[in-house]
Amino acid sequence: MLVCMPGVTLADLPGRPCPIAAALDVVGERWALLIVRELALGNSRFEDIVRGTGAPRDRVAARIKALEEAGVIQRIPYRAAPPRFDYQLTDSGRALLPVLDALLAWGLDHAVRSGDPDRERYRWAKAKQRTGTAP
């Protein structure tokens with residue numbers, strides 16, 4: 001069942017309004033998808049997300065708030081005083097995982113230098129792209 005999350009009206013978007021533009025309104029800022037990546041990797045605490053993304057704390061806080069408002073992530077309290085939260089992907093957030101897989105494959109093919117010694121860490125992504133499953 002498709003659940004409509006809060007979003008934009010296509011007619012309100014500048015230029016050529018389309019669902020791509022609407023999606024970029026939600027996750028088009030650099031840190032947004034890196035936060036989704038960190039949550040997908042199991043890093044659910046604020047400090048772990050900051051460390052994993054390399055983003056400034058204020059940017060992570062702002063992006064988390066925006067992603068929560070958009071229904072991409074949810075906050076789960078784990079301590080009352082002082083208030084502390086874990087963050088988890090919602091169904092909407094998990095639906096972004098194939099987008100991250102596609103960006104990973106594209107990045108390996110088109111954005112990362114072929115001689116980069118760290119490319120080898122992501123060889124599984126190429127196998128997944130060819131077969132549709134991770135080795």
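**Exercise 1. Describe how strand β1 pairs with strand β2.**

Strand β1 (residues 73-79) and strand β2 (residues 84-89) run antiparallel, joined by six bridges. Two strands pair if DSSP finds at least two bridges between them. Strands here are DSSP runs of E with at least two residues, helices are runs of H or I with at least four, and both are numbered from the N terminus.

The model is predicted: local features need pLDDT of at least 70, side-chain atom pairs count only at pLDDT 80 or more, and totals for chains, interfaces and linings use all residues. Residues are numbered from 1 along each chain as its sequence is written, and side-chain values use heavy atoms, with hydrogens and water left out.

I76 stands opposite D86 in β2. R79 has R84 as its bridge partner in β2.

Now take the turn. β1 and β2 form a hairpin, with four residues between them. P82 lies in that loop. The peptide bond joining A81 and P82 is cis, with omega about -10°.

**Exercise 2. Find which charged groups sit over rings.**

Apply the test: NZ of Lys or CZ of Arg must be within 6 Å of the ring centre and within 35 degrees of the ring normal. The charged end of R45 sits over the ring of Y78, 3.6 Å from its centre. R75 lies over the face of F85, 4.2 Å from the ring centre.

**Exercise 3. Work out how helix α2 packs on helix α4.**

Start with the geometry. α2 and α4 (residues 57-69) pack at about 75°, with axes 9 Å apart. Axes are lines fitted to C-alpha atoms, for helices over the stretch in contact, and angles run from 0 to 180 degrees between N-to-C directions. The two helices are therefore roughly perpendicular (65 to 115 degrees).

Then list the contacts (heavy atoms within 4.5 Å). W31, A32, I35 and V36 in α2 meet R59, V60, R63, I64 and L67 in α4. By class, this contact has seven nonpolar, no polar and two charged residues. Ala, Val, Leu, Ile, Met, Phe, Trp, Tyr, Cys and Pro count as nonpolar, Asp, Glu, Lys and Arg as charged, and the others, Gly among them, as polar.

Definitions and conventions. Parallel < 35°, antiparallel > 145°, perpendicular 65-115°, else oblique.
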